[in-house]
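Thanks, everyone. I will go through one chain this morning, starting with the overall picture and then moving to a few places in detail. Please have the structure open while I talk.

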Amino acid sequence: KAMKFTKNKIQNLNQVLEELGGPEAMMADPAIFERFMAQMNAMSGNPAAVQQLAATIVKPYWWQYALTIRHSMMLSGIGTHATNTLDSVGMIAREFEEKLVASLATPVRAGLRAAGVKAEEGVSFAESAAHFYGILRAVANIKDIAGDAANAFKAGHGNREISSKVEMADARVPVLSKVGDALHAADTFFRAFHGSANLYSLGVREAQKDGFKGLEAFQEGSSRALTPTKTMLDEAQRLADVALLVDTPSALAAKLETTKSVRPGMTGGEQTAAFAANMMLPFFRVSDRLIFQQLRRTPFSFLDRVTRDDFRSGGSRRDIAIARTALGTGLVMYYWQEAGEDKVQGLERDYDKQRAYEAGGFMPNSVVGEDQYTDASRLNISLNPLSLQNSIATNVASIRKAYESGENVEGTANRLAALTRQVLSIIA
């Protein structure tokens with residue numbers, strides 16, 4: 001019996017390796033390596049042993065300790081952790097708002113079906129209610145969720161565990177690594193909120209496919225959320241990854257992450273390239289995800305892979321993508337109007353001119369109220385959509401300034417490059 005059990009384990013392990021592209025792909029791509037270790041963790045039931053295996057496979061080079069010191073210093077400010085917390089709370093609120101807007105299409109779909117037009121089910125009011133109920137359930141279980149976050153902080157962030165906010169090249173260093181562990185714990189905390197909200201809404205979505213309507217769909221969906229299917233769990237995780245900025249990065253960022261990754265037996269040239277990439281472009285993955293998180297809430301959302309995938313999926317996912325784009329576009333128009341009334345300020349492309357303005361009391365990327373400037377560049381998305389305290393508003397203000405000053409295409413491109421640099425510096 002023991003031999004049969006061991007044989008099955010080895011067969012499962014070989015299947016996992018084959019699905020991921022083999023050992024070569026696993027060691028070349030840090031994301032694939034992490035998926036392999038996650039599968040190992042699920043199969044073994046012994047997280048400590050799996051983590052030890054990861055540390056053995058990827059023993060840190062000496063220069064990784066220097067990277068850890070640099071990255072920990074960059075993330076050690078209280079403002080970084082406060083911003084991360086506020087951004088996470090803001091995203092929970094924004095996703096509920098977008099789902100609520102998406103549910104407004106329910107009467108339209110019902111009217112089309114009544115007219116004999118085939119229209120698949122979208123986001124219902126019951127699904128939006130279930131999403132909010134899932135958030136409330138997480139609040140009710142906040143003691144347990146906080147305990148899980150505390151355990152995540154205590155156990156520490158794995159040396160090679162994927163997170164957009166902690167570099168995978170970092171080695172474990174006593175005390176210093178706790179800076180990254182704090183971000184890991186925060187993600188663990190907020191992932192529980194996203195997971196609860198998504199499972200309850202997905203439960204209702206599945207119940208509606210089986211013919212349940214209204215309150216009955218809500219009740220059936222709530223039951224299914226407590227015993228979710230693998231499909232529901234996978235979709236809930238995907239949605240949480242997108243919200244927490246740990247979903248699959250763009251092709252450019254993925255290529256850079258491969259260059260930054262650490263593998264056993266690296267040559268001197270490969271180590272030099274990895275060290276230089278990690279030193280010069282730290283946290284590029286989170287910057288990449290932040291840019292696209294903003295982009296999918298603008299008229300240019302079609303440039304975002306997540307939005308395109310949602311459109312292709314149809315149904316509720318398409319409704320949410322449309323609502324996200326529509327709400328975001330409406331807010332961009334609102335920010336544009338407020339920028340025209342000088343209620344929000346962006347960047348000045350001319351550095352010398354901006355320094356001169358600052359000498360007179362001007363603050364770039366700020367909200368203006370009663371001749372007082374308030375920094376508005378730290379938050380990616382506001383908890384209150386009509387608030388100007390977010391980087392989307394300041395980016396719109398910068399673009400409006402470039403537009404009204406009559407800058408040519410090259411000048412506007414330079415302005416957009418400056419905005420990109422601003423986004424890249426959000427967590428620095």
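**Overall picture**

Among contacts in this chain between residues at least 6 apart in sequence, 68% join residues at least 24 apart. Bear in mind that this is a predicted model. The chain has 20 helices and 3 strands. Of its 428 residues, 47% are buried.

**Two helix pairs**

Two packed helices are described by the angle between their axes and the distance between the axes. I will give both values for each of the pairs that follow.

Take helix H6, residues 78-102, and helix H17, residues 315-340. Their axes are 8 Å apart, and the packing angle is about 110°. Angles of 65 to 115 degrees count as roughly perpendicular, so H6 is roughly perpendicular to H17. Which residues make the contact? On H6 they are Arg94, Glu97, Glu98, Lys99, Val101 and Ala102, and on H17 they are Asp319, Ile320, Ala323, Arg324, Leu327 and Leu331. By class, that contact has 6 nonpolar residues, 6 charged and no polar.

Now the other pair. Helix H5, residues 62-75, and helix H14, residues 268-280, cross at roughly 5°, and their axes come within 11 Å. Angles under 35 degrees count as roughly parallel, and H5 is therefore roughly parallel to H14. From H5, the residues involved are Trp63, Leu67, Arg70 and His71; they meet Gln271, Ala274, Phe275, Asn278 and Met279 of H14. The classes here are 5 nonpolar, 3 polar and 1 charged.

**Empty space inside**

Rolling a probe the size of a water molecule over the atoms shows where empty space is left. How many cavities of 30 Å³ or more does a search of the whole structure find? It finds 5. The largest cavity holds about 280 Å³ of space.

That largest cavity has 21 lining residues, and nearest its centre are Glu95, Leu239, Asp310, Ile320 and Arg324. The elements giving two or more residues to the lining are H6, helix H10 (177-209), helix H12 (230-243), helix H16 (305-313) and H17. H12 gives the most, with 5 residues. Sorted by class, the lining has 11 charged residues, 7 nonpolar and 3 polar.

Two of those names have come up already. Ile320 and Arg324 are among the H17 residues in the contact with H6, and they are also among the residues nearest the centre of the largest cavity.

Is methionine 91 buried or exposed? Its relative accessible area is 3%; under 20% counts as buried, so methionine 91 is buried. Leaving aside neighbours within four places in sequence, methionine 91 is in contact with His194, Ala243, Gln293, Arg297 and Ile381. Methionine 91 and leucine 383 are 292 residues apart in sequence, yet 7.4 Å apart C-alpha to C-alpha.

On H17, look at alanine 339. Alanine 339 counts as buried, at 10% relative accessibility. Not counting residues up to four places away in sequence, alanine 339 touches Val344, Ala397 and Arg400.

For a strand, go to tyrosine 373, in E3, residues 372-375. Tyrosine 373 has a relative accessible area of 31%, and is partly exposed. Apart from neighbours within four places in sequence, tyrosine 373 contacts Gln345, Gly361, Phe362, Met363, Ser366, Val367 and Val368. One of these, glycine 361, is 12 residues away from tyrosine 373 in sequence and 8.4 Å away in space, C-alpha to C-alpha.

Most residues other than glycine have a negative phi, and most peptide bonds are trans. Here are two residues to check against that.

Valine 175 is not a glycine, but has a positive phi of about 70°. Valine 175 lies in the loop between helix H9 (142-155) and H10. With a relative accessible area of 70%, valine 175 is exposed.

Leucine 245 likewise has a positive phi of about 70° and is not a glycine. The loop that holds leucine 245 runs between H12 and helix H13 (251-260). Leucine 245 is buried, at 8% relative accessible area.

That is the tour; I will take comments now.

Methods
Residues numbered from 1 in each chain as written. Predicted model: local features only at pLDDT ≥ 70, side-chain atom pairs only at ≥ 80, totals over all residues. Heavy atoms only, no water. Helix = DSSP H or I, 4+ residues; strand = E, 2+ residues; numbered from the N terminus. Buried < 20%, exposed > 50% of the residue type's maximum accessible area, 1.4 Å probe, protein only. Contact = heavy atoms within 4.5 Å. Axes fitted to C-alpha atoms, helices over the stretch in contact; angles between N-to-C directions. Parallel < 35°, antiparallel > 145°, perpendicular 65-115°, else oblique. Nonpolar A, V, L, I, M, F, W, Y, C, P; charged D, E, K, R; others polar. 1 Å grid on protein atoms, 1.4 Å probe; cavity = no way out; pocket = protein on both sides within 12 Å on 5 of 7 lines; lining within 4 Å. Points joined across faces, edges and corners; volume = space filled by probe spheres on them.
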